[in-house]
Amino acid sequence: MIAVHTAQQVREAEQAFFAANPGVDLMQRAADGLAEAVENFLEGRGPGVDGARLLVAVGPGNNGGDALFAAARLARLGCRVELWATHGDAHEAGLAEAQAAGCQQIDAGQATTALAEADLLLDGVLGIGGRPGLDAPVATLAREARDLGIPVVAVDLPSGLDADSSTPAEESFHATLTVTFGALKPCHVLQPAASRCGEVRLVDIGLELGEPWALAAAPGDIAQRWPLPGPTSDKYSRGVVGIDTGSVHYPGAAVLGTVGALHAGAGMIRFCGPGPADGLIRAALPSVTHGEGRVQAWLVGSGWGDEPGDAERLAGRLADGLPTVVDADALRLLPDHLPAGCLLTPHAGELARLLDVEREEVTADPIGHARAAADRWQAVVLLKGATQYVVQPDGAVWLAVPGPHWSAQAGSGDVLAGICATLLAAGLDAARAALLGASVQAMAARRRPGPYPPDDIAREVPAVVGGFEVVR
Ligand SMILES: NC(=O)C1=CN([C@@H]2O[C@H](COP(=O)(O)OP(=O)(O)OC[C@H]3O[C@@H](n4cnc5c(N)ncnc54)[C@H](OP(=O)(O)O)[C@@H]3O)[C@@H](O)[C@H]2O)[C@@H](O)CC1
Ligand SMILES: Nc1ncnc2c1ncn2[C@@H]1O[C@H](COP(=O)(O)OP(=O)(O)O)[C@@H](O)[C@H]1O
Ligand SMILES: [K+]
């Protein structure tokens with residue numbers, strides 16, 4: 001799992017480092033890592049370092065300092081570097097070093113001309129000390145770089161972003177590569193801000209960071225944690241999933257959830273939903289059994305619509321006291337108390353309704369709202385979307401492996417709920433079931449980037465899971 005820390009946590013670690021290591025200059029470490037990353041970028045992109053033209057936008061703080069010391073190193077390697085101090089002031093020692101290395105200082109007007117001929121724009125305007133948004137002349141440069149297709153390497157984070165927020169300001173740089181120091185910050189991993197960062201490279205500068213603000217999963221983490229069958233496994237020990245989803249109006253949701261559960265490796269599925277879906281599942285998925293019986297976990301809510309008797313339908317399933325995935329329409333009907341080990345799977349709109357707030361409030365502070373719901377119902381919340389947050393009642397946050405944005409389509413959530421139910425039935429706790437379920441669906445979608453229907457993506461899950469066995 002990859003640790004994510006807030007700007008404040010990084011600042012505190014920096015202070016602790018300075019107290020423990022007087023005389024060690026962290027900015028030099030950051031600048032070394034940055035210069036090396038730019039060098040690799042230029043080598044990888046064709047022009048190489050020698051003779052490459054760099055425009056460096058330098059802000060008034062330490063982010064500009066990093067950029068200036070890196071620019072000096074790159075100039076000594078043969079780059080032709082032009083510097084624009086965007087706010088007049090610039091890190092004094094850094095500027096002196098850059099000028100001594102042959103970097104040329106230019107003004108705003110010259111920066112526009114220099115940009116057109118640049119191989120790369122180094123964005124050292126603002127870092128973790130920046131307020132969101134860009135002043136007009138800098139915003140213009142950022143826009144021109146996009147229009148001209150000039151690659152941008154961002155120092156620590158694309159200037160204009162708030163380091164701790166998933167929501168990008170309207171005006172910011174759009175980086176091809178972001179070189180960050182000490183730790184990943186929320187803006188590097190949370191969509192839509194993360195899409196402004198491009199590829200993110202972390203430079204270790206020796207900070208000792210404490211408890212992370214969140215942990216982001218990588219594919220290898222999912223491979224290590226996926227429950228695999230062994231020689232003593234049978235269909236019961238692998239987990240029997242009870243599925244009570246679908247309605248006259250929405251039978252497809254039940255089919256999709258069942259397809260998801262089956263392709264995630266359920267030992268056995270008992271489908272207990274109503275009419276039309278029951279027939280469809282009988283025809284399409286012959287291994288699914290029908291009717292009541294013992295199960296290890298329930299999946300409820302997908303495709304229920306709004307029918308009289310839904311509250312009783314939910315109460316009946318929760319009365320079993322089993323771990324339950326509560327999805328979609330059942331989220332409107334939550335009682336005050338849930339059995340231990342339940343997983344709630346709202347998207348932002350459903351979470352807003354659950355908490356009686358506006359959707360925009362949830363998108364502005366997804367984690368705060370997911371935490372509120374997890375605390376109120378003492379259940380794990382999987383908040384779905386481009387970033388999938390797994391939030392536990394104690395407030396801990398995990399982030400699932402991200403997938404392609406093609407998955408933003410009706411039915412993806414139904415499939416996901418089915419995958420999670422299989423993992424609950426296999427005995428995983430709700431947080432692990434959510435993390436693995438959301439991640440494996442994203443990994444399956446990565447194998448088929450494009451507008452494939454959600455059931456086609458579900459049918460890729462076995463190949464992903466089969467690969468886990470090879471890795472372990
Ligand atoms: N922490 C670490 O471990 C390490 C940190 N390092 C580096 O330091 C960076 C943080 O440096 P930092 O604290 O000097 O802040 P930084 O982002 O340069 O900006 C602050 C300046 O910008 C100004 N300003 C703010 N917003 C503005 C706006 N919207 N528009 C215009 N101006 C604005 C603000 O002025 P103010 O208006 O607030 O007086 C202030 O002058 C960090 O990201 C990393 O690159 C590395 O060297 C090594 C280890
Ligand atoms: N922008 C996005 N990028 C990637 N995946 C997304 C994005 N938006 C949504 N998704 C995927 O779609 C799912 C949300 O589905 P949901 O809205 O609940 O659909 P439904 O209820 O119709 O099945 C998420 O779990 C995620 O897998
Ligand atoms: K920056």
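Modeller: Two residues are in contact if their C-beta atoms, placed from the backbone, lie within 7 Å. This is a predicted model, where local features need pLDDT of at least 70 and side-chain atom pairs count only at pLDDT 80 or more, while totals for chains, interfaces and linings use all residues. Residues are numbered from 1 along each chain as its sequence is written, and chains are lettered from A and ligands numbered from 1 in the order in which they are written.

Biologist: Among contacts in the protein chain between residues at least 6 apart in sequence, what percentage join residues at least 24 apart?

Modeller: The count takes contacts in the protein chain whose residues are at least 6 apart in sequence. The share of these that join residues at least 24 apart is 70%.

Biologist: What share of the residues in the protein chain is buried?

Modeller: A residue is buried if 20 or more other C-beta atoms lie within 10 Å of its own, exposed if 12 or fewer, and partly exposed in between. The protein chain has 472 residues, and the buried part of them is 53%.

Biologist: How many helices and strands does the protein chain have?

Modeller: Helices (H or I, at least four residues) and strands (E, at least two) are DSSP runs, numbered from the N terminus. For the protein chain, the secondary structure comes to 19 helices and 18 strands.

Biologist: In which sense do strand 16 and strand 17 pair?

Modeller: Strands of a sheet pair through backbone hydrogen bonds, either parallel or antiparallel. Strand 15 (residues 343-345) pairs with strand 16 in the parallel sense over 2 bridges, with L344 opposite V381. Strand 16 and strand 17 have 3 bridges, and their sense is antiparallel.

Biologist: Which residue in the turn between strand 16 and strand 17 has a positive phi?

Modeller: Strand 16 and strand 17 form a hairpin, with 5 residues between them. The positive phi in the turn is about 150 degrees, and the residue is G385.

Biologist: Are the residues V380, V381, L382 and L383 of strand 16 buried or exposed?

Modeller: From strand 16 (residues 380-383), V380 and L382 point one way, and V381 and L383 point the other way. Both pairs have one state, which is buried.

Biologist: Which helix gives the largest share of the shell around ligand 2?

Modeller: A residue is near a molecule if its C-beta atom, placed from the backbone, lies within 6 Å of it. There are 17 residues around ligand 2, and K384, A386, A408, S412 and G413 come nearest. The largest share, 4 residues, comes from helix 16 (residues 412-425).

Biologist: How many residues of helix 16 are buried?

Modeller: Helix 16 has 14 residues, and just after helix 16, G427 takes a positive phi of about 105 degrees. Helix 16 is mostly covered, and the buried count is 14 of 14.

Biologist: Which helix gives the most to the shell around ligand 1?

Modeller: Of the 28 residues around ligand 1, E14, G61, N62, G127 and G129 come nearest. The elements that give two or more residues are helix 1 (7-20), helix 2 (26-45) and helix 3 (62-76). The one that gives the most, with 4 residues, is helix 3.

Methods. Expected span 1.5 Å × (residues − 1). Pairing = 2+ DSSP bridges.
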